[in-house]
Structures are given as C-alpha cells and as structure tokens.
Amino acid sequence: HAGNLVLGYLSGVPTVCMQGRLHFYEGHPAWLVTMPIRMMKLIGVETLIVTNASGGLNQDYNSGDIMVIKDHINLTGLTGQHPLVGPNDEKFGPRFPAMTTPYDPELRRLAQETAKELGFSGFMREGVYVKVSGPSYETPSESRLLRKIGADTVGMSTAPEVVVAIHAGMKVLGFSMVTNVVILKQDSDKTPPTHQEVMDTANKRAKDLQLLVKTIVGKLASTLKATESAATPAAAMLHKEKEN
Ligand SMILES: O=P(O)(O)O[C@H]1O[C@H](CO)[C@@H](O)[C@H]1O
Ligand SMILES: Nc1nc2[nH]cnc2c(=O)[nH]1
C-alpha cells in the first residue's frame with residue numbers, strides 16, 4: 001500500500017482518497033486503524049466509499065465478482081477489538097450508536113443501477129461481509145463457520161472503518177471484490193489462497209471498479225452541497241488550489 005492521502009476532484013466532486021489503509025494485523029489498535037475516517041469527518045467528508053479484496057464464502061461467487069456490501073459482521077469488534085472502545089467523544093457521535101443500516105440503501109440502489117448501465121451486471125453481487133483479524137487465511141472449518149453465520153465474503157478490514165463512519169454520521173457505500181473463492185472442504189484439491197492471487201485478481205478488475213466508483217460519484221455530484229461551493233474545509237482547500 002502506497003500510504004498516500006490524495007486530495008482532488010473526482011467527477012467534479014471534492015474527494016479524499018486513501019491509497020491503502022491500516023490493518024489490525026499489522027499491529028495497529030482498532031482506534032488507530034480507523035483514525036483516517038475521523039480525520040475525513042473533520043475536514044468535511046460526508047460520504048464514505050469503501051472497497052476491499054475478499055474471499056468468496058458464497059460458492060456461487062466467482063473470482064473477480066464485485067459485491068455491494070449490504071451488511072457486515074464485525075467479528076473482531078464483537079469479540080473485543082472494537083474501534084469505539086474507550087472514552088466516547090460526543091463531538092463525533094453517541095456512546096451507543098445503532099448499526100441497523102450501515103450501508104445506505106439508496107447508495108446501494110444507485111450502485112446496482114450504475115453497474116447495470118455500465119454492463120457490469122454479470123459480475124455484480126450484493127451480500128454480507130465478515131471481518132476477521134488475519135493475517136492467516138481461514139481453515140476450511142473456519143470458512144464453513146463464517147458461511148453458516150451468514151457471510152458471503154470474508155476479509156481483514158472495512159467493518160471497523162464503517163462503524164466509525166456511521167458513528168460520526170457519515171453515509172457509507174461499500175464494495176467487496178472477490179479475489180479468491182474460499183475452500184470450504186477439507187482435503188480439497190483446490191489451490192490454497194495467496195496474497196499474489198488476491199493482488200492479481202484485484203488488479204485485473206481494478207479499472208471496472210474505478211469506473212463504477214467514478215460514475216457513481218458523478219451522479220452524486222448534484223446532491224452534494226460541497227460540490228460547487230467551498231462548504232467544507234477540504235472543499236475550500238481544493239477550490240483555492242483550482243483557482244491558483
Ligand atoms: O481488505 P483489504 O485491505 O482490501 O485486503 C484484503 O487482502 C489482504 C489479504 O490478501 C488483507 O489485507 C485483506 O483484508
Ligand atoms: N480473511 C481473508 N481475507 C481475504 N482477503 C482476500 N481474500 C481473503 C480470504 O480468503 N480471507
């Protein structure tokens with residue numbers, strides 16, 4: 001991961017883009033992993049679009065599919081590594097935030113509609129993402145467990161960032177790209193996952209996901225109050241930059 005924070009305009013909308021993210025398995029505590037989300041909130045970001053690479057637990061899924069995230073299971077959060085543990089900062093949100101609808105239904109509908117227009121329907125899905133700690137990939141028994149509790153894809157990120165975004169009142173849209181189909185059976189003759197496979201599949205599908213996100217952001221432009229004004233600190237900074 002490049003580790004850059006890129007500020008600019010995407011389809012005319014002031015945008016902050018993270019080139020890479022922090023992960024819990026790298027040794028960072030959950031609150032630090034999600035710090036960039038709070039930073040985005042403070043500079044005026046209203047909508048968060050998250051993407052990830054994941055293993056397909058749903059055996060109908062293929063490598064290269066893009067799943068619109070309908071809901072998540074924050075497994076590490078449920079078991080104690082929750083990003084909001086510690087004193088609550090009321091400036092961001094309440095002590096006990098609801099997580100009933102973390103992924104905005106209107107944005108999900110827009111994503112599916114846009115994907116259809118772009119001819120992407122053949123590889124679009126909608127389902128549930130489960131976040132585990134990693135860094136090891138799952139054993140077949142662990143994968144069957146995750147499938148049984150209702151997950152369609154599995155990965156090592158995203159859910160903590162989304163929880164912090166929802167706590168702070170942001171709208172969220174999420175995409176999970178299936179980079180490998182998870183092995184559910186013991187003694188399978190299928191090839192075990194590798195990070196190289198994950199990166200290769202992600203790179204092959206990257207242009208499609210980029211176009212999808214760019215088109216969605218373009219459609220959102222008319223509804224975002226910051227677009228043509230310097231309504232937020234980030235937008236103000238970018239407007240100034242544009243004028244110079
Ligand atoms: O979730 P992202 O960061 O997209 O990446 C996924 O791919 C990596 C494993 O190959 C893990 O980091 C996992 O979480
Ligand atoms: N935990 C997990 N993370 C992934 N990221 C990409 N593929 C996978 C996978 O199979 N399991």
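Student: Which residues in α4 meet L212, T215, I216 and K219 in α7?

Tutor: This is a predicted model, in which local features need pLDDT of at least 70, side-chain atom pairs count only at pLDDT 80 or more, and totals for chains, interfaces and linings use all residues. Residues are numbered from 1 along each chain as its sequence is written, while chains are lettered from A and ligands numbered from 1 in the order in which they are written. Helices (DSSP runs of H or I, at least four residues) and strands (runs of E, at least two) are numbered from the N terminus, and two residues are in contact if their C-beta atoms, placed from the backbone, lie within 7 Å. Here L110, A111, T114 and A115 are the residues of α4 that meet those four in α7. The residues of this contact comprise five nonpolar, two polar and one charged, where Ala, Val, Leu, Ile, Met, Phe, Trp, Tyr, Cys and Pro count as nonpolar, Asp, Glu, Lys and Arg as charged, and the others, Gly among them, as polar.

Student: At what angle do α4 and α7 pack?

Tutor: Axes are lines fitted to C-alpha atoms, for helices over the stretch in contact, and angles run from 0 to 180 degrees between N-to-C directions. Helix α4 (residues 105-117) and helix α7 (residues 195-220) pack at about 120°, their axes being 10 Å apart. That makes α4 oblique to α7, since angles under 35 degrees count as roughly parallel, over 145 as roughly antiparallel, 65 to 115 as roughly perpendicular and the rest as oblique.

Student: Which residues surround ligand 1?

Tutor: A residue is near a molecule if its C-beta atom, placed from the backbone, lies within 6 Å of it. For ligand 1 these are R21, H23, N52, A53, G134, G155, M156, S157, H195 and V198, with β3 and α7 each supplying at least two. By class, this shell has three nonpolar, six polar and one charged residues.

Student: How many residues surround ligand 2, and which are the closest?

Tutor: There are 15, the closest being A53, G55, V154, G155 and V198. Two or more residues come from each of β3 (47-56), β6 (153-155) and β7 (171-181), and β3 gives the most, with three. Eight residues of the shell around ligand 2 are nonpolar, six polar and one charged.

Student: Where should I look for backbone details, and what is the bond between G134 and P135?

Tutor: G134 and P135 are joined by a cis peptide bond, with omega about 5°, and P135 sits in the loop between β5 (124-131) and α5 (140-148). T158, although not a glycine, has a positive phi of about 70°, and T158 is placed in the loop between β6 and α6 (159-167).
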